Amino acid sequence: MWQMIPTLAGVILLIFFLFNWVGGDPAQVLAGKISNPEQIANIRKQLGVDQPYWYQLWVFVQQVFTFDFGRSWSTNEEVSRILLTRVGPTLTIMVPVLVIETVLAVALAVMVAYVRGSLTDRTIMVICTTAMSISFLVYIIFGQWLFGFILGWFPVQGWSESYWRNLTHYAPLPIMLAIFVGLAPALRLYRSFFLEEINQDYVRTARAKGLPEKTVMMKHVLRNALIPILTNVGIYLPSVFVGSFLLEVFFSIPGLGREIVTAVNRSDFPVIKAVTVYLAVLTMIVNLLVDVMYKLVDPRVSFK
Amino acid sequence: MSAVLPDNAPPVMHQSPGLWTLAWRRLLNDRVGVFCLAIVVAYVSMMLASYAGLVAGDWNKEKGVSYANPSFLAGAENLEAREVTNRDFGTTAKPVDLSDIDPLAPRYKEWEERAAKIAVTEVKRAETLAFGGDKWGRDVLEKAIKGSEVSIFVGLTAALFATLIGTILGALAGYWGGRVNDFLEWFYNIFTSIPYILLILAFAAVFKRGLDTIIVILALTGWTGIYRLVRAEYIKHGGREYVKAAQAIGASHFSRMFVHILPNASHVILVQLSQHVVSFIKAEVILSFLGLGVPVDMVSWGTMLAEAQNELVIGKWWQLFAAGASMAILVTAFSMLTDSLRDALDPKLK
Amino acid sequence: MSEDNLLQVQDLRVTFQVDKHSTFEAVKGISFDIPVNRTMALVGESGSGKSVSAMAILGLLPDNAIIPATSRILYGGADLLKATPERLQDIRGKDISVIFQEPMTSLNPVFPVGEQIGEVLRLHMGMTPRAAAARAVELLSEVGIPDPQLRVRSFPHELSGGQQQRVMIAMAIACEPKLLIADEPTTALDVTIQKQILELIAGLQEKHHMSVLFITHDLGVVGEIADHVVVMQNGVVQEQGPVRAIFERPQHPYTKALLECRPRLDRRPMRLPVIEDFMTSGGSANYDERPRGVTAGDAVILEVKSLNKTFFLKEGFFGKRAVPAVKDVSFKLARGKTLGLVGESGSGKTTVGLTLMRLHDATSGEVLFEGRNLLGLSDKEMMAYRRRIQIIFQNPYASLNPRFTVGNILTEPMKIHGIGKDQKERVEMAFHLLSRVGLPEASFYKYPHEFSGGQRQRIAIARCLTMKPDVLICDESVSALDVSVQAQVLNLLQDLQDEYGLSYIFISHDLAVVKYISDEIMVMNQGEIVEIANADEIYLNPKQDYTRKLLASIPKGWDANRAVA
């Protein structure tokens, strides 16, 4: 828990360094072409960039902890409001993707590991390698076209006010595509975890006890393989973000990803800063949860 | 003790094959590996040829009619071409409305202006092109080749830089441990706690756009995995007896880090390098698609896919296919080559 | 006779498919019988195929193993090699059970030990979970684990190595098997624990009337527990028979050699007999006794004064926990003599070696080398002394850099210390040293992976010799080697001492080896010195309880008076 503090401090420093130092004078960006020196000075004063760096950093730290990043430079909407309204759609996509994909990949990996070395196993692995090499973009473009445009099973894009309508109507296609794309690498990786465990001595012991191969696999191997798989879910989280961001752009889902892509194109620094900081915090919290679960799964790691 | 072994024949004084030579031989024995290596080499030579202007030098020339059919579909109707010729360029209705977030939106005008300029000097346009044409009648095949140049170049250089950063930091943290390790771990935690797509976007927001920028961004955000693995290797090898023996004979820290341990971690580094080339090629495509990658006057697989998104709806699938397939073949070959490399280099096998 | 055999192995061949084109034949047509209610020992060095043969019985070989149809393993009238997987699962753990060499990795780390024992009972005896759990407690108590009610809920990592092996044994005997296969069950354990486990197995064998197939490389252990012995070498059986015959009238030269090349507590020949002596000439092991011991008049080359070493484990964010590894250790090393350092794992003997040559930083104390305190020197001043104290490590596979040629390995220290005026001279010296340690000069151009364990240890010795050291620390340097190779390396070390007047600190857990090579012996336990005395003195007349206990644990080998059933 306490390890989060230095990391969070580092994240704040890094973002501050990027936007307040490397990023150049935001007033230039904001003011556009029409500005005269007076206007620029005015904006600078408004933004506080005429203050010394340490003071700007202090302001930034305050912003992070009070959830108050002021207003967006381009839409003048309050940043905190943007965050609050955009986080829902993102989670609506991300959480099902993460959960379904992990469960599906683990289940398939057990099965593939069980028939390791067989033709089925090798065929699936080749399919996975090939599937992994096609760009996510191609899947989305093609999937949107096929299922939305040609077959008309799902709306091509869009989002509504109703949570349930979103979940049942607009979300399934993006979720399905994300799972489809994420499954191949996850399956490959988890299979390797299972194969690693199968070579351990305790598996030989389990077989020597006379346990049927199924029990060996589903009890002894599975339980041990969950340890690296769990670690990996934490590591894997950022890729889910990537997927979610792209999907939001394609399917016009008003989530954080679409917001930040727009913000980057408009150089809307407050929005980018806020989204980055809070998603970093979210990632840290998820990793913390993974750590806790890790300790539940692996008795060798003890609670302090 | 049996004194000197009976060795009547004069000792053969030639160097034995080292581990690298043996690994190379193992790789050559792996038919899949060799095949993939050949594909990768072909792509890289294509990239070099394209860079030298030997092929696809005039990808930007508008040789065919708008959305020219591929030669093998010569007979198919091409409504758009007629429409576009009639209506002049530009205002093709976009079937899917992405206007407010389409990252390319601001550029359409720019492209159209330029296209219009060239159109004036246009003489005669082909009805079909080898693999079809894009909206402006440019040859899709040449675009794909030129695009591979950019994508592979970005992937390779960014992977090299990321590997360099990751290796140096990983070596320092793993070898020295203690404070150095604590500091670098802190650094690592910062970079990994920000989802890397955000990190990339954040970097992209503050740097100006261009090929060099995207390489820098990918390298600065992509070193973490390599760092972690190299660090683990250094911790593992640092405890090995051969390193202790080197210390016992008085070898310097530098010598232990780079002469003794580095060659033993090099197989991990090589595999990582190869893996990162693949993932950076993928990342470049996504970045370019989002309009944060290569500049407007260049073509990469990502910009091609960005155009292809709208073309598919009107049935013009070849740009999507050309970009998607040329990328898929390279990436498949590269990933399978990575697998073969890992098998060939795996010290467990010897 | 045949109805008295529980299991018959007939013409067993096992071939491994190494890769697509090459195979390796590990077992080349062996036959032996396991009699009912007897202990049968399968002895051999590494690569002899002993473990492979045993694993073949239960079909526990890896997937790439090929066994031809002509091989048969008869049990209860049926051939196990042709049994269905279901039939094999029935037999495993119920009729025939196994314990392995590494108890730590052989137990599943994520389940409590009670669950792992109960699992067999539920599977084969049809017990309810409650009954199985209760029986697991009884079994733990039977194998001598204290507080069995508490321990059933422990995870494997919470137990010591000896206790883990006891859990494995409890699991193995849970269903009253007819045959227990013990695959090097004590090799990973300390000698005092080894003795307890051996006694436990022997007791259970008698109590439950089961047969035991005991696989080991250690003839000392065999002589203590076996009724019948099968000696294997390179996949073939060289000799088999009752234990008395094997020990008293060995027929095959390999058996004779194995019996002779192991150092013995009661004799100390000038040099140890090696396998070649027997394989070529039939072997006459008549060597003069070597006198040993240190007298007050011997010159001291190295003196250690109250050396302390404490490790700090990180605990939490800022916390540290002190773990003392070496506590107040003082001793003197006489020039040209050998000081043996014995102790069980965790006794701090290795730490002493590493600390006194500054591979670890000492917490406090002095190491006086020719009167100068090495621990007080700057790194630069230390360089001059580095070459004079050298070390040979335990694991011959890890102590040579796999990416260096032997030539690089040997010339590197000479370059660092400016020995030899140019590369040509260094290469010549390297050639000379290679032949001195018994390797062909062509080795210079080869890589470590082309050599066997014993040869690698010779290379490591040659590397030390390039610096012409005065003191050589041998840290378990022969422990990982097979008995026959061990004898060769010990002879080499002895020759070098005789020739160059080297002083050795010989660290080992193997009391017989230490007794053979040392003039003086220092016994350590939990970081402290228990006793220091001349080698013969300490064996004849141990002063401390711990020393006595340690000495009593050494497997005695064959005792003609032992009653063999």
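**Close-ups of a predicted model**

**View 1. Six strands of chain C line up as an open sheet with mixed pairing.** On average, neighbouring strands here are turned by 15° against each other, ignoring direction. As for confidence, chain C has an average pLDDT of 89, and 97% of its residues score at least 70.

**View 2. Strands 14 and 20 of chain C run parallel.** Here we zoom in on one pairing from that sheet. Strands of a sheet pair through backbone hydrogen bonds, and they can do it parallel or antiparallel. Strand 14 (residues 338–342) and strand 20 (residues 520–525) of chain C are joined by four bridges. Look for C:Gly340: across from it, in strand 20, stands C:Ile521.

**View 3. Helix 13 of chain B covers residues 318–345.** From first C-alpha to last, its 28 residues reach 39 Å, close to the 40 Å you'd expect at 1.5 Å a residue.

**View 4. Chain A has 13 helices and zero strands.** Its C-alpha atoms fill a box of roughly 85 × 55 × 35 Å along the principal axes. Of its 304 residues, 39% count as buried. Take the contacts in chain A between residues at least 6 apart in sequence: 69% of them join residues at least 24 apart.

Definitions and conventions: Residues numbered from 1 in each chain as written. Chains lettered and ligands numbered in written order. Predicted model: local features only at pLDDT ≥ 70, side-chain atom pairs only at ≥ 80, totals over all residues. Helix = DSSP H or I, 4+ residues; strand = E, 2+ residues; numbered from the N terminus. Expected span 1.5 Å × (residues − 1). pLDDT = per-residue confidence, 0-100. Buried ≥ 20, exposed ≤ 12 C-beta atoms within 10 Å, placed from the backbone. Contact = placed C-beta atoms within 7 Å. Pairing = 2+ DSSP bridges. Axes fitted to C-alpha atoms, helices over the stretch in contact; angles between N-to-C directions.
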